[in-house]
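Please read the points below alongside the sequence and the model.

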Amino acid sequence: MSALSVEGLKAGYDPDLAIVKSVSFSVDYGEAVCILGPNGAGKSTMIKAIAGLVPILAGSVHLGKKTVAGLPPHALVRQGLGFVPQTDNIFTRLTILENLQIAAQLLPASDRQSRIDAMLDMFPDLGGRPGELAGALSGGQRQMLAAARALLTEPEVLVLDEPSAGLSPKLVGQVFETLRQISDAGVTLVLVEQNVRAALALTGRALVLVDGQLAHDGSTDDLHDNKLLGELFLGHRAKGAPV
Amino acid sequence: MNPQAFIDGLIAGSTIGLGAIGLTLAYSILRFANFTHGDFLAWGAYLTLTVSGLLGGLAAGLGAPVHPFSFGWGLPLALLGGAALTILLALGLDRILFGRLRARGADVIIIVMASFGASMALRSLLEFIFTAKPVYFTNALQIAKPLGLGMRATPDQLLVIGMTAVLVLGLHLLVTRTATGRAMRAVSENPALAGVYGIDVAQIVRITWVIGAGLACIAGVMAGLLVQIRPYMGFDLLLPLFAAAILGGIGSIPGAMLGGLIIGLAEAFTVQIIGAEWRAAVSFIILVLVLMLRPQGLFGRKEA
Amino acid sequence: MELIAYAAFFLTVAMTYAIICLGLNVQWGQTGLFNVGVAGFVGMGAYVSGALTTPETIDRIGGFDLPIVVGWAVAMAAGAVLSLAVGLLTLRMRADYLAITTFGIAVALQLVFQNAESLTGGAFGMAFIPRPFASMQGEAIVFNLANLGVTCAVVLVLYLLLEHLARSPWGRALRAVREDEVAAQALGKNPVFLRLQAFALGGAIMALAGAVQAHFIGFIAPNNYLPMMTFQVWAMLIVGGSGNNRGAILGAVLVWAIWALSAALISELFPAGQQARAASLQIVIIGVMLCIILLWRPQGILPEIRTVSRHLGRRNKDQ
């Protein structure tokens with residue numbers, strides 16, 4: 001049984017135009033996987049389909065033993081999926097504490113405060129001023145809050161859409177350090193990323209999506225060979241290979 | 001200037017404010033200007049009247065006025081029934097009309113258009129069922145008691161003002177201190193993200209209709225108690241309701257109440273100084289001024 | 001014979017509504033603006049034209065005795081000016097603010113029609129508005145047919161003009177703004193300016209309809225311009241096919257026919273004492289019809305060839 005398995009997934013906003021054409025893969029418990037690919041390949045769309053935000057046109061999605069394709073986003077959270085969108089991933093008009101309280105609401109009442117405290121400890125930048133509006137946070141701090149919120153309910157699978165997008169190199173480092181800690185703690189991690197180097201350093205397995213289909217699914221070691229990446233991303237062809 | 005206008009304004013403002021709160025909640029969470037909201041007020045009043053009549057048929061004692069008010073225990077009981085029915089009406093309308101349009105991804109303006117059509121149908125249905133003749137909750141007359149400073153108010157009127165204050169306070173606490181309130185504010189900021197956070201957005205939508213329709217019913221009963229009940233009562237309040245909601249800032253409960261009070265007072269003083277025929281122009285002028293000078297309203301956000 | 005006179009009368013009224021629908025189509029179908037105050041613009045045109053053309057009256061402005069055509073022209077100008085004012089106020093805002101504001105405009109204008117006696121005659125309205133072909137009033141058939149002719153001519157001229165405009169560069173720019181505002185801006189089009197022009201044109205046409213109606217009937221009163229009229233016109237446009245000039249005309253005739261038929265049915269089925277009450281059923285029918293059309297066939301009977309259905313939902317493309 002895998003933590004997350006996807007079979008023949010076809011997804012898109014318009015029934016006549018599938019952005020994700022047919023994708024199958026599975027992720028084991030505790031694995032850290034990154035999803036790479038050129039712009040427009042459908043990485044974000046695929047992730048959002050798994051998270052219940054984009055219509056699934058065909059295929060299935062399983063979390064552990066449970067069939068989850070077609071469930072609305074809030075049901076998926078209860079099934080153990082944590083999703084951190086790329087942008088607009090916190091409520092700027094609510095306070096930091098309130099953002100966390102919403103997530104905590106899903107837990108039994110006795111656990112709520114301790115989990116909130118745990119997240120505030122894990123992310124000291126947030127712990128200092130929980131009553132402040134989330135909108136006052138900087139870019140990097142917002143990502144922290146978004147991750148904290150998703151982690152609060154101890155999801156089995158944590159899916160993140162480009163967590164380092166728009167951040168300075170130093171912040172990217174901090175984000176990935178945090179992700180490493182999360183992965184080391186045993187959380188199954190699925191990461192869509194444009195920052196290939198950081199993603200390959202963090203994860204053990206890479207899926208490369210091109211034009212809505214998987215062009216590669218293997219260990220990240222394979223991808224350290226830049227030639228392969230060049231082919232997949234930039235369409236380079238080896239000399240003499242068919243077009 | 002006669003200070004009585006101040007009391008008259010507070011009273012009218014309470015009704016407008018309560019109605020505007022429901023409207024502003026729907027607007028911020030459902031994201032459309034709901035033209036049927038006025039008709040929830042009217043239907044609330046008529047449904048309560050009907051339940052009251054039924055109760056009176058069952059137990060005659062319920063109609064007897066309870067001192068110092070003009071109505072008996074039957075009315076608050078009937079109000080519960082009327083509110084429940086009005087809520088069912090709103091939920092039903094969402095199920096068969098607005099919800100379907102939302103599910104289809106229809107543009108907001110189409111939903112507004114549908115609400116306009118539904119509002120005319122609802123209003124005319126009232127007229128068909130009950131005729132256009134005004135009706136009343138009670139025939140008991142009330143003596144206005146002096147309050148000092150040349151103002152007078154009947155016990156009914158004071159009750160209305162008091163109840164409104166309690167309701168607004170309660171709602172404010174609900175929205176700012178409870179999990180449901182947090183969820184409502186979250187959905188109003190970003191419904192898709194709310195789902196990702198684990199909030200059942202469809203449930204919040206239902207709760208919004210419940211609160212909105214419930215408040216509308218209470219506002220309608222208040223207006224019906226203090227003035228009269230007629231099919232167009234809700235529609236005639238629609239422009240003041242919109243003006244109050246926009247003046248207060250869409251999504252703000254204190255704003256909607258304050259907006260309602262301002263409009264109520266402005267109307268009362270206008271009636272006194274210029275004349276009753278021009279009352280409806282007050283809301284319009286205030287609306288235009290808000291849109292020209294500060295479109296986000298008193299407590300709203302700049303992006304309006 | 002009587003039937004012909006009646007049919008001509010019926011069609012003439014339907015055609016005046018068609019004019020309103022054509023104006024509304026410019027605002028909604030071409031530009032995507034939801035005007036909930038149509039009745040106000042129509043009434044404005046009626047009163048302006050009436051004020052300029054009626055003979056001298058005590059207690060009210062009048063006595064200019066201008067020709068009917070002048071009345072109509074000034075009415076159109078007034079409609080355009082009012083639209084520009086409303087547009088300048090709200091066009092930069094979200095669409096439903098325009099709806100609420102135009103709703104307010106109609107309410108405010110209604111108050112003016114009702115209360116500003118020195119301008120509008122107040123509750124008594126304006127009488128003795130000159131009618132074209134007044135000399136033929138004695139013979140019903142000829143009179144009605146002549147009026148029908150004039151009204152149809154106006155509709156035809158407007159239809160041809162609007163179709164031409166739709167295919168012109170201006171029309172294309174307007175469509176571009178409606179479909180993708182950002183792209184249109186990148187191409188140098190000014191969306192707010194274009195929308196203002198379209199809104200003003202639509203308003204002018206609605207005012208013209210009011211003037212035509214006023215001169216056809218000869219008498220107007222504040223009660224002619226209630227939200228009921230706005231509602232009827234919207235139902236006509238949506239049912240007939242929004243975004244579509246032929247749909248506007250078809251919708252006007254069809255919904256007016258349903259209105260007249262239901263009125264006849266009601267007067268047959270309900271006893272005299274219940275007539276007023278039963279009349280509200282007509283509105284219920286039209287209201288329900290509007291909602292049903294929006295749910296099941298939002299593009300109307302005659303769908304637009306190019307998409308207006310972008311508004312109507314991703315999953316609801318024209319077939």
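1. pLDDT is the predictor's confidence in each residue, on a scale from 0 to 100. The structure is a predicted model, and for chain C the mean pLDDT is 85, with 95% of its residues at 70 or more. For the model as a whole, the scores are ipTM 0.90 and pTM 0.89.

2. One stretch of chain C calls for caution. Over residues 314-319 of chain C, pLDDT stays under 50. The model has 12 contacts beyond four places in sequence for these residues. Where pLDDT is low, the predicted coordinates should not be read in detail.

3. Chain C contains 12 helices and zero strands. Its pattern along the sequence is accordingly written α-α-α-α-α-α-α-α-α-α-α-α.

4. What radius of gyration does chain C have? The value is 20 Å, which agrees with the figure near 20 Å for a compact globule of 319 residues. Along the principal axes, the C-alpha atoms of chain C fill a box of roughly 60 × 45 × 35 Å.

5. Of the 319 residues of chain C, 51% count as buried. Among contacts in chain C with a separation of 6 or more, 75% join residues 24 or more positions apart.

6. The contact between chains B and C draws 37 residues from chain B and 38 residues from chain C. On the chain B side, the elements giving two or more residues are α3 (74-103), α4 (108-130), α9 (233-248) and α11 (279-293) of chain B. The most comes from α4(B), with 15 residues. By type, this side of chain B divides into 28 nonpolar, four polar and five charged residues.

Notes
Residues are numbered from 1 along each chain as its sequence is written. Chains are lettered from A and ligands numbered from 1 in the order in which they are written. This is a predicted model: local features need pLDDT of at least 70, side-chain atom pairs count only at pLDDT 80 or more; totals for chains, interfaces and linings use all residues. Two residues are in contact if their C-beta atoms, placed from the backbone, lie within 7 Å. Helices (H or I, at least four residues) and strands (E, at least two) are DSSP runs, numbered from the N terminus. Ala, Val, Leu, Ile, Met, Phe, Trp, Tyr, Cys and Pro count as nonpolar, Asp, Glu, Lys and Arg as charged, and the others, Gly among them, as polar. The radius of gyration is taken over C-alpha atoms; the globule rule is 2.2 Å times the number of residues to the power 0.38. A residue is buried if 20 or more other C-beta atoms lie within 10 Å of its own, exposed if 12 or fewer, and partly exposed in between; C-beta atoms are placed from the backbone.
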